[in-house]
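Visitor: I am new to this structure. Could you show it to me and take some questions?

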Number of protein chains: 2
Amino acid sequence: MQKIKIIAMGKLTEGYTKDACAEFSRRISRFYQLTVVEPKPEATPSDPSPAEIEKALAKEAEKIISEIPARAAVCAMCVEGKTMSSEKFAEYIGDTANRGVSEICFIIGSSHGLHDSVKRRADLKLSVSPMTFPHELFRVMLLEQIYRAGEISAGGKYHK
Amino acid sequence: MQKIKIIAMGKLTEGYTKDACAEFSRRISRFYQLTVVEPKPEATPSDPSPAEIEKALAKEAEKIISEIPARAAVCAMCVEGKTMSSEKFAEYIGDTANRGVSEICFIIGSSHGLHDSVKRRADLKLSVSPMTFPHELFRVMLLEQIYRAGEISAGGKYHK
């Protein structure tokens, strides 16, 4: 079974995102071996300067990069990344397995985004939407797309 | 206060989407006067033919169009629509008010999408993502963007 690891900065705090992530994780387990890790975001002042943000992102990047499994395909979620349909996303996951890469690692940044070093480390920068979503809701959206990819690849029926 | 009406085919059934929509509706009420109506989707066979889908969509379209308020700006959510950033979306809502249009009506279709007659009726076809989301989760995503638009227009701080 293909492995998927999600590195998501910060814990879920809202009840509905916890429920939704638990539900999609359960459904994903039919298709993929899923792991989720939640490194702690760096604290920043309430109105951080660009330098303070850069410093926090650099520290977060160290934590993130240390969590990336060896030989995993790395997919960083960023608003400026490549967009694709759910079907293409399912192909991306399937093609990765076909290339003999047994694990894909998805990275979701903190509220300040991702440091350039993480984006450079990624094999794919993927954008779900040009709109900005809160990172908790975004995690639900990504999990749902991973579940959908499993359903699409298995030829199942799963309506939007 | 600007009015926003959402016409969403079908009731919410999953607990987490009910909780999330309740939460974002509550937050939206600081900025907009929100109404949500949920016309009942047409029943279709489990493996409907294109003709059966077309027939169901046409009936749903009648229900949808009858719910569109007179003189409202109409925004149909469809995967092939125009994409925009959250900031541009906030501008769209604000500009609509500035043009003297006091209500915006967003339309979310059923699992089969929206009939062409609804798309033609819309002033704007808007796409959040080229990816397909379940319509319940999609409603959460739209409500979050409307709340975010309110925060952006009010100059508030609201992190992703």
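Predicted model: local features only at pLDDT ≥ 70, side-chain atom pairs only at ≥ 80, totals over all residues.

Visitor: How far does helix H5 of chain B reach from its first C-alpha to its last?
Guide: H5(B) covers residues 135-153, which is 19 residues. At 1.5 Å a residue, the expected span is 27 Å. The reach in the model is close to that, at 27 Å.

Visitor: How many residues of H5(B) are buried?
Guide: Buried means under 20% relative accessible area. H5(B) is mostly covered by that test. Of its 19 residues, the buried ones number 16.

Visitor: Which residue with a positive phi follows H5(B)?
Guide: The helix itself runs over residues 135-153. The residue that follows has a phi near 75°. It is Gly155(B).

Visitor: Are H5(A) and H5(B) roughly parallel or roughly antiparallel?
Guide: The two helices pack with their axes 11 Å apart, at an angle of about 150°. Angles over 145 degrees count as roughly antiparallel. Therefore H5(A) is, relative to H5(B), roughly antiparallel.

Visitor: Which residues of H5(B) meet H5(A)?
Guide: H5(A) brings Leu137(A), Val140(A), Met141(A) and Glu144(A) to the contact. The residues of this contact divide into six nonpolar, no polar and two charged. On the chain B side they are Leu137(B), Val140(B), Met141(B) and Glu144(B).

Visitor: Are H1(B) and H5(B) roughly parallel or roughly antiparallel?
Guide: Helix H1 of chain B, residues 15-28, packs with H5(B) at about 15°, with the axes 9 Å apart. Angles under 35 degrees count as roughly parallel. So H1(B) and H5(B) are roughly parallel.

Visitor: How many charged residues has the contact of H1(B) with H5(B)?
Guide: From H1(B), the residues that meet H5(B) include Tyr16(B), Phe24(B) and Arg27(B). From H5(B), they include Glu136(B), Arg139(B) and Tyr147(B). By class there are ten nonpolar residues and two polar ones, and the charged ones number four.

Visitor: Is Lys119(B) buried or exposed?
Guide: Lys119(B) is found in helix H4 of chain B, residues 116-121. Beyond neighbours within four places in sequence, Lys119(B) touches Cys78(B), Glu80(B), Leu114(B) and Lys125(B). Its relative accessibility is 19%, and the cut-off is 20%. So Lys119(B) counts as buried.

Visitor: What is the relative accessible area of Lys125(A)?
Guide: Lys125(A) lies in strand S5 of chain A. Its contacts beyond four places in sequence include Ala76(A), Gly81(A) and Lys119(A). Lys125(A) is partly exposed, with a relative accessible area of 37%.

Terms used. Residues numbered from 1 in each chain as written. Chains lettered and ligands numbered in written order. Heavy atoms only, no water. Helix = DSSP H or I, 4+ residues; strand = E, 2+ residues; numbered from the N terminus. Expected span 1.5 Å × (residues − 1). Buried < 20%, exposed > 50% of the residue type's maximum accessible area, 1.4 Å probe, protein only. Axes fitted to C-alpha atoms, helices over the stretch in contact; angles between N-to-C directions. Parallel < 35°, antiparallel > 145°, perpendicular 65-115°, else oblique. Contact = heavy atoms within 4.5 Å. Nonpolar A, V, L, I, M, F, W, Y, C, P; charged D, E, K, R; others polar.
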